[in-house]
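Hello,

Here is the structure I promised to pass on. My notes follow below it.

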Amino acid sequence: MAETKYSNRSIPKISLHDFPSRIDAITSELIAAAETDGFFALTDHGISPAEIEAQFAAAERFFSLPDAVKSQVPFSHLNTGWEKAAQVRPSTGRADQKESYQMQYGAAMDGRWLPEDALPGFRAQCLAFMRRAQEVSEKLMVCFARGLGFADDYFVKAHDVSRPNAQTVLRLLHYFELDPKVPTPEGYYRAGAHADWDFVTLLFQRPGQSGLEICPGREVFTEFGAGDSWTRVEPAAGEIVCNIGDLLMSWSDDRFKSTFHRVKTPTDPAVDYYGPRYSMAYFNQPCTDCEIQGPLKKYPMVTGSEFTKAAMKRNYDALEAKKKALINEVGRSEGNLVAVTS
């Protein structure tokens, strides 16, 4: 694998303490973070470490079930359900070595919850945690609306999870354990470099389970370039790491930056975490019929559904291009081998 360049850029930590009276100061901090690296960490957000750990415990209960049970709720085109080593990134052309389970609020979950007797209390626990994450998300939405000159409730209405066409997702993730005594296989990726399609992502991590890295530098939300300098983001108890998604980058006319990030493949037992890694990502996705266009109208207006379809097409096209590049690379290697041996 190519050697990674690292930089020590700092990730802003933003406190939501006393939000109603400090909203102007918080908005200024959020806008500054969004305009630069596109990543920031929230503190004093109202979700206790105990609540976060309880949801991690629920995730562990789910992932500890046999695959035959989890496969009863397979991943669907509605962006819900369970997958295992099935997500291929355009940046790598290979599947992430993880499993995940995605949940939404409404009808998209029909047939995607396990029966209550298979996992007692799981559905209620997850929905309660999702509502807590939504409360935090809506505070950020108010601030970003102010920063772009929209009404306070502009983005909140566009992400109303009580509506039947809401698309917001909580994704539970489990990255597989590796043996530090055995060299990491070539082509093994925990999560290849990618940007998120959503408005803003809230990422919950467990202290000690490191691996998240970011690579700022995108100027246009349709770009796939990831730059060449990465920064480690170490998990801290109680913090929520947030990143701007492509949707908000587009909605801000590229003013706010959707940043590439990845989960590092452990290769050095002295510094990398090889154990099982759990994280939870709350993706704020727009209602399918909301209208998306920035204040400067840099891009044509599209609906939430159209934006998601376009993002999926860009991802598919980039993945196909990566596959062709890998095939060509193999062909060149075989050609060189023939030349050497002939």
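Tyr-6 has Trp-230 as its bridge partner in strand 10. Strands here are DSSP runs of E with at least two residues, helices are DSSP runs of H or I with at least four, and both are numbered from the N terminus. Strand 1 pairs with strand 10 (residues 229-232) in the parallel sense, over two bridges. Two strands count as paired if DSSP finds at least two bridges between them.

Before going on, some ground rules. This is a predicted model, in which local features need pLDDT of at least 70, side-chain atom pairs count only at pLDDT 80 or more, and totals for chains, interfaces and linings use all residues. Residues are numbered from 1 along each chain as its sequence is written, and side-chain values use heavy atoms, with hydrogens and water left out.

Strand 12 pairs with strand 7 in the antiparallel sense, over two bridges. His-194 has His-261 of strand 12 as its bridge partner. Strand 9 (residues 212-215) also runs antiparallel to strand 12, and four bridges join them. Glu-213 stands opposite Arg-262 of strand 12.

In a regular strand, side chains alternate between the two faces of the sheet. Strand 12 (residues 260-263) is covered on both faces. Phe-260 and Arg-262 are buried on one side, His-261 and Val-263 on the other. Buried means under 20% relative accessible area, exposed means over 50%, and partly exposed lies in between (1.4 Å probe, protein chains only).

Strand 8 (residues 200-205) and strand 13 (residues 277-283) run antiparallel, joined by five bridges. Phe-204 stands opposite Met-280 in strand 13.

Contact means heavy atoms within 4.5 Å.

Helix 1 has a kink of about 45°, centred on Ala-25. The bend at a residue is the angle between axes fitted to the seven residues ending there and the seven starting there. Buried residues of helix 1 include Phe-19, Ile-23, Leu-30 and Ala-34. Their cover includes strand 2, strand 3, helix 4 and strand 11.

Ala-59 is found in helix 2. It is buried, with a relative accessible area of 2%. Ala-59 and His-174 are 115 residues apart in sequence, yet 8.4 Å apart in space, C-alpha to C-alpha.

**Cores and cysteines**

Nonpolar side chains tend to be buried together in soluble globular proteins. A nonpolar core here is a set of buried Ala, Val, Leu, Ile, Met, Phe, Trp, Tyr and Cys residues joined through side-chain atoms within 4.5 Å. The largest has 65 residues, and Tyr-101 and Phe-144 touch the most other members. Helix 4 (residues 122-148) gives the most to this core, with 14 residues. Leaving aside neighbours within four places in sequence, Tyr-101 has contacts that include Phe-62, Trp-82, Trp-113 and Leu-172. A second, separate core of 14 residues includes Phe-39, Ala-191, Leu-203 and Val-241.

There are zero disulfides in the whole structure (a disulfide being a pair of cysteine sulfur atoms within 2.5 Å). Cys-143 is buried at 0% relative accessible area. Cys-215 counts as buried at 2%.

**Whole chain**

The chain has seven helices and 15 strands. Of its 342 residues, 51% are buried. Among contacts with a separation of 6 or more, 77% join residues 24 or more positions apart.

Best wishes
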